[in-house]
Amino acid sequence: MSTTWATRRKTRIDDLSAGRSLTSEAFRRLRRDPVALTGATIVGVFVVIAALAPLIAPHGAAEAFPALQENLRPGSIPGPQDGFPLGGDQLGRDFYSRMLLASQQTLLVGVLATVIGLIVGIVIGTLAGAFGGWVDTVLMRVTDVLLAVPSLLLAISVAALAASPSQTTVIIAVAVVGVPIFARLLRGSMLSQRDSDHVIAATALGVKRPAVVLRHMLPNAIGPVIVQATLTLATAILDAAALSFLGLGDADPGRAEWGLMLAQAQSYLDVRPALAFYPAIAIIVVALGFTLLGESLREALDPKGSR
Amino acid sequence: MLRFVLRRLVQVVPTLLLLSLLVFAWLRSLPGGPASAFLGDRATPERIAELNRVLGLDQPIFVQYGRFLGRVLTGDFGASTITGQPVLAEIGRALPATVELSVLALVIAVALGIPLGYLAAQHRGGPVDIATVIGTLIGVAVPVFFLGYLLKAFFAVELGWFPPSGRLSIDVDATNVTGFVVLDGLLTREFDASLDALSHLVLPAVALATIPLAVIVRITRASVLDVLGSDFVRTANSKGLAPGTVRSRHVLRNALLPVSTTIGLQVGLLLAGAVLTEKVFVWGGIGTLLADAITLKDYPRLQALLLLGALVYVLVNLLVDLSYAIIDPRVRL
């Protein structure tokens, strides 16, 4: 007993003397956190399925089968049978293949929307936080206005601009929602960097201003923004589903995407509820995964959090 | 206090002006311009030119914006391209339905959320806490419209406990006074109408309440945990105050400040959620107006809803700031 206590104590002292960075410290905490592990596992499995979907899926997303179409009647959609483990959908396509292939599209929509929002948000936040003054005032005023519009309303108004709904409009609409959030967050943490010692030191050493901003301020300020991006991935997928439900989703009937499938399945709820249930559960689990991961990242990166 | 209110109201003005500018620019950036968007399939070059002249779209852009602003300030948002009626009147008629729904949803969320969050914090790490936290995480991850359909399929269709859609049963004869069906029933002493309206409200309100509920529970829990660990709570406990007194006078009062901010922020979520919930339950409120405006590309209506939605959101958050002064006497406005 006493030896284990001693070794444990020793490693702890070693840890301290090693002087780990905040990031590696955060990773160490994450590895021990069951919540983080659950989130990471869900996200990992989702990404792997999405990447391998075209290889695992037995059929194409738009491929209709006579065997399934023949049994398609008003009030009846064929259930699981030989060769079609989850049965068919409302157009006689293999539901199992579509579920698998949809993971790819869902990930694509979520990631692209988040990344676009993130990039624009980072540019705005960096400009505002680095320059201050009137640049900051103007950019933050616009950001505040965007924040004053409830997020789904904002996404709707952007998506409604397009002549016809498509996957691109969904991605852009959902991306716009993220921009003000990322920009505000980054500006705040950039501002707190501006007067910190290492930035003053760099400036005093004669480092050029762009280099100070990009190499000294941005890397130290971006942590909370990345955490927010993980959480935004979950809402992005949910918002995309909501847009589909309102008829602003992808108009391509051959495309398989969970939000779209869920929205379309609402008309067949009493005929074959499974068509809605599987995409819904997939969305819930994936959104949960990103949320768990994001929340535990936030906690791990929080210097106050000794938990 | 009054000075603070006035100053905040003045601060709201530039935000709304900028928003109006954005909405104005938004309408201008429609594919082919507003005229062809309004005309839709009937658009011919002559007609577009004609409509541009009538709408004043051939004027310089500054003049156009000035006129637009003038009209908006006098409450003239134009006529809906679907019904041909003034947009503002339409919104006025639909508003009570959405307000009724949102208020009940918010009441559910607050009345359940604060006690649940408190309970979870008090039993931190226990089964109640874990169940609550998991519940809130799932609550946020479920698409609102899907939950609506689930509730409808189970409680309305399967069990028949509640009506599946609408605000009133057809056979109930209710007098319209204020447009708030529940209130009207009480005012005119037609209590059966009130009850009927309430039973229609339950399912959509529960569906709409889930996300705000989850958020309020989480914030309350975090905030109570924060306060429970503070010195003055330890002092209060150690000087022998009754647990009930510590709870209500020390913990809850201090923990409620962040919670009230969150409640204000939920109003935006409610507006967005209402669009989805109303569509599921065929509610006929603001959300339905918005959903129809989207599918039929009714831009005057969309524009009015966007501006008014943001106005309400901004004003509610102003009210929340004012509530700080009541909750926390240290906050001087």
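I began with the area buried between chain B and chain A in this predicted model. The two chains bury about 3,400 Å² between them, and 81% of that lies on carbon and sulfur atoms. On the chain B side, I looked for the residues that lose the most area to chain A, and found F145(B), F146(B) and I294(B). Together these three account for 17% of what that side buries.

Next I counted who takes part. Chain B gives 39 residues to the contact and chain A gives 38.

The rule finds one salt bridge across the interface of chain B and chain A. I traced a salt bridge between R218(B) and E295(A), with the closest N and O atoms 2.9 Å apart.

Which elements of chain B give two or more residues to the side that touches chain A? I noted α1 (2–28), α6 (127–141), α7 (144–158), α11 (243–280), α12 (286–295) and α13 (299–327). By residue class, that side of chain B divides into 31 nonpolar, four polar and four charged.

Last, a single residue. Is S103(A) buried or exposed? S103(A) has a relative accessible area of 1%, so I put it down as buried. S103(A) sits in helix α5 (residues 95–131) of chain A. Leaving aside neighbours within four places in sequence, I listed F46(A), I49(A), A50(A), A53(A) and W258(A) as the residues in contact with S103(A).

Conventions. Residues are numbered from 1 along each chain as its sequence is written. Chains are lettered from A and ligands numbered from 1 in the order in which they are written. This is a predicted model: local features need pLDDT of at least 70, side-chain atom pairs count only at pLDDT 80 or more; totals for chains, interfaces and linings use all residues. Side-chain values use heavy atoms; hydrogens and water are left out. Contact means heavy atoms within 4.5 Å. Buried area is the accessible area (1.4 Å probe) that two parts lose on being put together, summed over both. A salt bridge is a side-chain nitrogen of Lys or Arg within 4 Å of a carboxyl oxygen of Asp or Glu. Helices (H or I, at least four residues) and strands (E, at least two) are DSSP runs, numbered from the N terminus. Ala, Val, Leu, Ile, Met, Phe, Trp, Tyr, Cys and Pro count as nonpolar, Asp, Glu, Lys and Arg as charged, and the others, Gly among them, as polar. Buried means under 20% relative accessible area, exposed over 50%, partly exposed in between (1.4 Å probe, protein chains only).
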